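These notes are meant for someone opening the structure for the first time. They go point by point, beginning at the contact between the chains.

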2 protein chains.
Amino acid sequence: MDAAEFRKRGKEMVDYVADYLEKIEKRQVFPDVEPGYLRPLVADCAPQDPESFEDVFKDIEKIIMPGVTHWHSPYFFAYFPSASSFPALLADMLCGGIGCVGFSWAASPACTELETVMLDWLGKMVNLPKEFLAEKDGQGGGVIQGSASEATLIALLAARTKIIRQVQSEKPELTEAEIMGRLVAYASDQAHSSVERAALIGAVKIKSVPSDDTFSVCGSALKKVLDEDKAAGLIPFFFCATLGTTSCCSFDKLLELGPICNKENIWMHIDAAYAGSAFICPEFRHLLNGVEFADSFNFNPHKWLLVNFDCSAMWVKKRSDLIGAFKLEPLYLQHHHQESGLVTDYRHWQIPLGRRFRSLKLWFVLRMYGVKGLQEHIRKHIRLSHQFEHLVLQDERFEICAEVVLGLVCFRLKGSNELNEALLKSINDAKKIHLVPCHLREKFVLRFAVCSRTVESTHIKFAWQHISQLATDLLKTWEHNHHQQ
Amino acid sequence: MDAAEFRKRGKEMVDYVADYLEKIEKRQVFPDVEPGYLRPLVADCAPQDPESFEDVFKDIEKIIMPGVTHWHSPYFFAYFPSASSFPALLADMLCGGIGCVGFSWAASPACTELETVMLDWLGKMVNLPKEFLAEKDGQGGGVIQGSASEATLIALLAARTKIIRQVQSEKPELTEAEIMGRLVAYASDQAHSSVERAALIGAVKIKSVPSDDTFSVCGSALKKVLDEDKAAGLIPFFFCATLGTTSCCSFDKLLELGPICNKENIWMHIDAAYAGSAFICPEFRHLLNGVEFADSFNFNPHKWLLVNFDCSAMWVKKRSDLIGAFKLEPLYLQHHHQESGLVTDYRHWQIPLGRRFRSLKLWFVLRMYGVKGLQEHIRKHIRLSHQFEHLVLQDERFEICAEVVLGLVCFRLKGSNELNEALLKSINDAKKIHLVPCHLREKFVLRFAVCSRTVESTHIKFAWQHISQLATDLLKTWEHNHHQQ
């Protein structure tokens, strides 16, 4: 395919994507296919000779779309939102066209420098303390990671290197393996599974800190496990606080936890993957109070800030902590400007070596929406979640299971877990909307997350009426069966 | 921006990208900017109100392009190629439009299933042993990672988990920390820095195995360090073989190394990040002989197979080894079909949780080029590298420093490292072409990598004449200065 054909096909693809997103509401949100559906639809091996664009293009509707879960349908209420917007799509086209690999400053200075400045913009939007910004001569700064999981892992690894060096200098008789064997990381029992996974990868122990009855970790709970572990000769070194847990969007109490971590020489990382975007609204910024005690902070503009996946924003107060954990410098990656304080080589900030020009997405989205446009988006979602909450509360058969703070509503039928599992099954089998569940303590709970950029009040009403009707149908047979037994 | 405006702007962006790539030759391959150039050109913080697309668009040429290293210029001969092609750009547009996050089968079945099938296609193209394929009921299979660094890390972590379980079952008296303290990973002294980094992250020792005078690791070299380490009570568990080293594209001797690893219960991972794409040509497939002994294998279609970054293809013989190392399963990620053998949840195969629909790029590229089209691309690059090699060999002032097997030529002026550093500086200061250096043993060497999709014989000739002229100029002053001293 030459540039001339790309001009033609590219424009067709733009129209296809625009059509897809404009009419997405008409597609069934969750696909009908069974596992293994795709293999029989495609050849056993790659063709020897080129096929035409038309041949490939017509297979999109035939082979791909029947197996797509439509994350941007206004009937999609599962997981958390995955951001999408037209400015971000445009930026990604440019990113692909430039096609640079920005592992170092020299590999494409614009790629590195725009990222540093965009992370400053974004940091200012959520009113991060100045220490987290790079600005002209700051010690901190931001980086785009692929996902919050990577941010947590990077923070844990940096903390691990830091504590090992510290302990080794204080107790030179200990080997690295001995120190590693005593290290303990902590996170809420409500924290995302990626925190446990980061500890698994980093080969350190991890302990759950019990959350309170609002599913938040408070200072005394952390203090208690720390005291026990220190008494047992262990070395607490890392705490991952969560703002906006995946299960129910609860918030750990930073203002209590932060001072404890600082006092105990524990790296505090804040994972605000979903909730972080809301902090651009002054009325929600208080949820981030206490960030001043943290060593690193992360949230995902690719979740809720209209920047297409992947774009997970991470900041550290001391970039030297990250770089110190990873820096290895072969000659083919060294460059002339390296020693200047102005130069950032982002490969030392992340797991992969290569990186795309992802800051273009932030640049396009922040400028074309403006802070006000993005605040409007966040506020709409939160308004809609409260609308849904209100509908649930009006129905005595249901209960709300956790405080609705942002765009997530946890709810269930008053009754057994089996009953609620049956309700979820009937919802997802009907495929008019799509939800996923969670456990809150012993309870099986339905999660209703406001996700799509284009979701409106009518979709919320529809979703509720649909759920309510399915509940009515279910309760009829359920009571009947129960009565017969 | 609504869909109507996206249609208009998207088509403008298609034209911009087509223009950029069509006329890239006219741009200076390496930018003139100094560190910190970008910050003064943009605002201090994000705008409150939306800006127009036009405002953002005009800043691309004003702010971004002056700081871009043009990786797709036919005058770019640095690092290794970063793939780019029009079919891949089209697929990425579709990927962005669909915008699903394919962490599990249910999160978008097409995203998972196309990936599995495409990795089978690609595996067959390089004639991987059947055990690496997923097919309908294989135990192996492939996955798209973001980078070879991640593939190496994942392989090392899987190997670590496997050996720890094994040792614990044999010697229950050892703690995990004690076992970890004895584990050793190995790689060539020519291996990529990411292998050392993987060991650093995984908190295991790593040792360099000395390469021979062709910069390849042979069986006896590995055997020697293994015997020493075992005698010292250490536990060798992982060897990363490199096919196509970054410095000089040398090849470790798999046919000698593989049997040793198998006998010694060592996980053998093969990193063929750059070279792997060449194995689709039957005449280069012999370089992969011995892969049958490996546990995992990786190469980067985003380097040399015309699939835009990121797309690093990794295969394992036993998917259970990967999954076993990482599987954590919270309720909100569980789904109905999970236990079926047909279902792959790729989040257990990688570091991040989320993942884009990257297999679309493979699907578009493999079909629209066909195997023959891709072979042609590889063969053209290798032809051009031999053309450059030939030009170097005709000039007695220069020497070739390593066998030219694929698209990389390592060369230098006969003389001191200082002289060659000066030559590289004069090349990169002139900015007509762009190269990076490497060290081969004590020698400072210039790497000439054939990179661009559109590079032709005329560009190679130009590059050589330019280098040759700069060498003449340099030698004149150099000898003069030398004479004066």
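**Notes on the two-chain model**

1. A place to begin is the pair K372(B) and D49(A), whose side chains form a salt bridge with an N to O distance of 3.2 Å. The model is predicted, and the distances and angles below should be read with that in mind. Across the interface of chain B and chain A, 18 salt bridges are found by the rule. Polar contacts between chain B and chain A involve 58 residue pairs, with both residues at pLDDT 80 or more.

2. Which helix gives the most to the side of chain B that touches chain A? It is helix α1 of chain B, residues 3-22, which supplies 16 residues. By residue class, the side of chain B that touches chain A holds 83 nonpolar, 29 polar and 29 charged residues.

3. The extent of the contact can be given in residues and in area. Chain A contributes 141 residues and chain B contributes 141 residues. Between them the two chains bury about 12,500 Å², and 67% of this area is on carbon and sulfur atoms.

4. How are the two copies placed relative to one another? Two copies of a chain are related by a rotation about an axis and a shift along it. Here chain B is superposed on chain A by a rotation of 180 degrees, with a shift of 0.0 Å along the axis and an RMSD of 0.0 Å. The two copies are therefore related as by a two-fold rotation axis. Of the interface residues of chain B, 100% are also interface residues in chain A, so the copies meet through the same surface.

5. T69(A) counts as buried because its relative accessibility is 0%, and buried means under 20%. The side chain of T69(A) reaches across to the backbone oxygen of A106(B) at 2.9 Å. Beyond its neighbours within four places in sequence, T69(A) has contacts in both chains: V29(A), F30(A), P31(A), F76(A) and H434(A) on one side, and C100(B), A106(B), A107(B), S108(B) and P109(B) on the other.

6. R356(B) also has contacts in both chains. Its place is the loop between α11 (319-326) and α12 (359-393) of chain B. Is R356(B) buried or exposed? With 7% relative accessibility, R356(B) counts as buried. Within chain B, the side chain of R356(B) makes a polar contact with the side chain of D310(B) at 2.3 Å. Residues up to four places away in sequence aside, R356(B) touches F309(A), D310(A) and R356(A) in chain A, and D92(B), C95(B), C100(B), C111(B) and D310(B) in chain B.

7. In chain A, F309(A) and D310(A) are joined by a cis peptide bond, with omega about 0 degrees. In chain B, a cis peptide bond joins F309(B) and D310(B), with omega about 5 degrees. D310(A) belongs to the loop between α10 (301-304) and β7 (312-316) of chain A. D310(B) lies in the loop between α10 (301-304) and β7 (312-316) of chain B.

8. Two residues of chain A other than glycine have positive phi values. For Y79(A), phi is near 50 degrees; this residue is in the loop between α2 and α3 of chain A. Y79(A) counts as buried, at 9% relative accessibility. For C249(A), phi is near 55 degrees, and the residue lies in the loop between β4 (235-242) and α9 (254-263) of chain A. C249(A) is buried as well, with a relative accessible area of 2%.

9. The last point concerns a pairing within chain B. L128(B) is found in the loop between α4 (109-125) and β1 (141-145) of chain B, and counts as buried at 5% relative accessibility. L128(B) and N289(B) are 161 residues apart along the chain, and their C-alpha atoms are separated by 9.5 Å. Apart from its neighbours within four places in sequence, L128(B) is in contact with G123(B), L288(B), V291(B), F297(B) and W315(B).

Terms used
Residues numbered from 1 in each chain as written. Chains lettered and ligands numbered in written order. Predicted model: local features only at pLDDT ≥ 70, side-chain atom pairs only at ≥ 80, totals over all residues. Heavy atoms only, no water. Least-squares fit on C-alpha atoms with pLDDT ≥ 70 in both. Contact = heavy atoms within 4.5 Å. Buried area = accessible area lost by both parts, 1.4 Å probe. Salt bridge = Lys/Arg side-chain N within 4 Å of Asp/Glu carboxyl O. Polar contact = N/O pair within 3.5 Å; in protein donor to acceptor, adjacent residues only side chain to side chain. Helix = DSSP H or I, 4+ residues; strand = E, 2+ residues; numbered from the N terminus. Nonpolar A, V, L, I, M, F, W, Y, C, P; charged D, E, K, R; others polar. Buried < 20%, exposed > 50% of the residue type's maximum accessible area, 1.4 Å probe, protein only.
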